[in-house]
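I opened the model to look at its sheet, its helices and a few of their contacts. These are my notes in the order I made them.

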Amino acid sequence: MTVWRALGGRGYLGSAWPWRAVAFLGSGALFGAVVLVVVAVGAVTGGALAVVLLGLPLLVLTALAGIPVAAVERRRLRLAGVGPVPAGRHRMPHGPGLTPWLTTRLGEPATWRELAYAVLLALVLWPVDALAVVLGAGVPLSLVAAPVLVGVDGEAKPAKLWTVDTWPGAVGAAALGLVLLAAGAYALGAVAGARAELARLLLTSKESELVRSRVRLVDAFEAERRRIERDLHDGAQQRLVALTMALGLARLDAPPGPLADQLAGAHREAEQALAELRELIHGIHPKVLADHGLEAAVADAADRSPIPVDLSLELPGRLPRAVESAAYFVVREALANIARHSGARRAEVSGGHDGARLVLAVRDDGRGGADPAGGSGLTGLADRVSVLDGRLSLSSPPGGPTLLRVEIPCRPTPSEDPCA
C-alpha cells in the first residue's frame, strides 16, 4: 500500500502512515541539503581548478554524484510505500578496471538523468520537503506545546507569531494545534505521496520498464517450461514405463510365434519412445541444472556431445536462475551446431565469473563461416541474453576457428536457493 491509498482509508490518523510521511519528507530535506553542499562544492571547486587540470577529476566525481543519490532516493521511496523502483539502465562496462567503468558511465543517458535529479533535489525538492514538515507538523506542535511553555516560562510564542501568557489562551492554542495537527497529517500524506510519485517518475526510465517487462516474460516462459517438464515426467513418462513393463511381461508369457514377434517389436518401440521422451524432458529443463547449477549442467552437456569437448569452467556458486538457464541453452545450442555443421574434431567451453558478470566462450576447430542469420538459432538466444543486459558475440571466419562469447552481468546468489 502507498501513502496515497492510505489517505483514502479509515484509520489513517491512527496508523503509521503520518509518521512515515514525516520521515520521508524530513529525511528528504536533510539529504537534499547534504546533496546541495556536495554538488555545489564539487562544481565550484572543480571549475576553479579546471584551468590547471586539477579540477577535472573533481568535476567527473560531481557528474557521477547522481548515481549514489538516485540509489538512496530509491530506498527512501519505500517510506512512502512506493517501490521497488528499478535501478537506472546502466550498461555493463566493456572490460574490467576503472577506465572502462568511467567511460561507460559518462557515456550513458542514465548517469546524466540521475545527475539531473540530484540537482533538482538540491535546488528545489528539499526546500519543499522542509517547508511541508514545518507547516504541517512544526507549527501545530508549537501550538500544542503552549500550555507546557506557559507553565515553565510564563509565556509561549507559537510559531513566533504571537505571545500567549494566560492559561485560557494556552489551552485554546493547544486545542487549535490539535485540529491543525490532524489536518497537517493529511496534508503531509498528500505532499509525501506527490513527492514520491514525482521521484519515481524521474528515476524510472521507459527503457527500464521495458526491460522489467521482458524479464517478467522470460520468467513466465521459464515457469511454463518447468511445468511442461514436470507434467511429462510425472504423466506421460510414467505411463510409458508402465506400458513398456506390461509389454515385456506379455512377451515373456507369449509362446513362440507371430504374436511373440509382434510383442517384441512393440516392446522395442515402447523402449525407443521412452528414451526419446526422456531426452526431450532433459532438453526442456535438465534436472541437473535445477539441482546442481550451471557448471554441472554444462559438464553434462559436454559429456553428451558427439564430439570431444574440453571443459574449463569455474564458478563461485549458484547464479540467478534466469542467468543459469540462458547461459546453459546458449552452450547447448552452440555444441549442437558444432556437431551438425562445423566439421570440427574438438570443441572447448571455458569461462568463469569475474565478480560482476558471467563470461562464457565456446570454441571449435571447424571450418568456420557460421552465420547467426542462417537459421542456427543463435539469434533467439542473443535476444534472450540481451533481456538480461548481456551480450552474445560470434566470430567465425571462413576456415575457422569459431568463437562464441557470452557476457551476462550478475552476481552469485547469497543462498543455496537458485531462485534468489
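Helices (H or I, at least four residues) and strands (E, at least two) are DSSP runs, numbered from the N terminus. I am reading a predicted model, in which local features need pLDDT of at least 70, side-chain atom pairs count only at pLDDT 80 or more, and totals for chains, interfaces and linings use all residues. Residues are numbered from 1 along each chain as its sequence is written, and side-chain values use heavy atoms, with hydrogens and water left out.

**Entry: the end of α13.** I looked just past α13 and found Gly343 with a positive phi of about 70°. The helix itself covers residues 321–342, 22 residues in total. I checked its length next. From first C-alpha to last, α13 reaches 30 Å, close to the 32 Å expected at 1.5 Å a residue. The expected span is 1.5 Å times one less than the number of residues.

**Entry: the sheet.** I traced an open sheet of five strands in the order β1-β2-β3-β5-β4, with mixed pairing. Two strands pair if DSSP finds at least two bridges between them. Which strands stand at the edges? They are β1 (309–314) and β4 (391–395); each has a single partner strand, so one side of each is left without a neighbour in the sheet. The twist averages 10° from one strand to the next. Axes here are lines fitted to C-alpha atoms, for helices over the stretch in contact, and angles run from 0 to 180 degrees between N-to-C directions.

**Entry: partners of β5.** I took β5 (residues 402–409) and its two antiparallel neighbours. Five bridges join β4 to β5, and eight join β3 to β5. Arg405 of β5 stands opposite Ser393 and is also the bridge partner of Ala361. Glu407 in β5 stands opposite Arg391. The hairpin of β4 and β5 has six residues between the strands, and there Gly399 takes a positive phi near 95°.

**Entry: helices on the sheet.** I used contact in the sense of heavy atoms within 4.5 Å. Helix α12 (residues 294–304) lies across β1, β2 (347–353) and β3 (357–364), running at about 180° to β1. Helix α13 lies across β1, β2, β3, β4 and β5, at about 5° to β3.

**Entry: α2 with α3.** I found α2 (residues 17–49) and α3 (residues 56–63) packed at about 150°, with axes 8 Å apart. That makes α2 roughly antiparallel to α3. My classes: under 35 degrees is roughly parallel, over 145 roughly antiparallel, 65 to 115 roughly perpendicular, and the rest oblique. Val39, Gly42, Ala43, Thr45, Gly46 and Gly47 of α2 make the contact with Leu58, Leu59 and Thr62 of α3. By class, I read four nonpolar, five polar and no charged residues. Ala, Val, Leu, Ile, Met, Phe, Trp, Tyr, Cys and Pro count as nonpolar, Asp, Glu, Lys and Arg as charged, and the others, Gly among them, as polar.

**Entry: α2 with α8.** Helix α8 (residues 167–203) packs on α2 at about 55°, with axes 9 Å apart. That makes α2 oblique to α8. Among the residues that meet here are Phe24 and Leu25 in α2 and Leu188 and Arg195 in α8. The contact divides into ten nonpolar, one polar and one charged residue.

**Entry: Thr2.** I placed Thr2 in the segment before α1 (3–7). Not counting residues up to four places away in sequence, Thr2 touches Trp17, Ala80, Gly81 and Val82. The C-alpha atoms of Thr2 and Glu197 are separated by 10.0 Å, though 195 residues apart along the chain.
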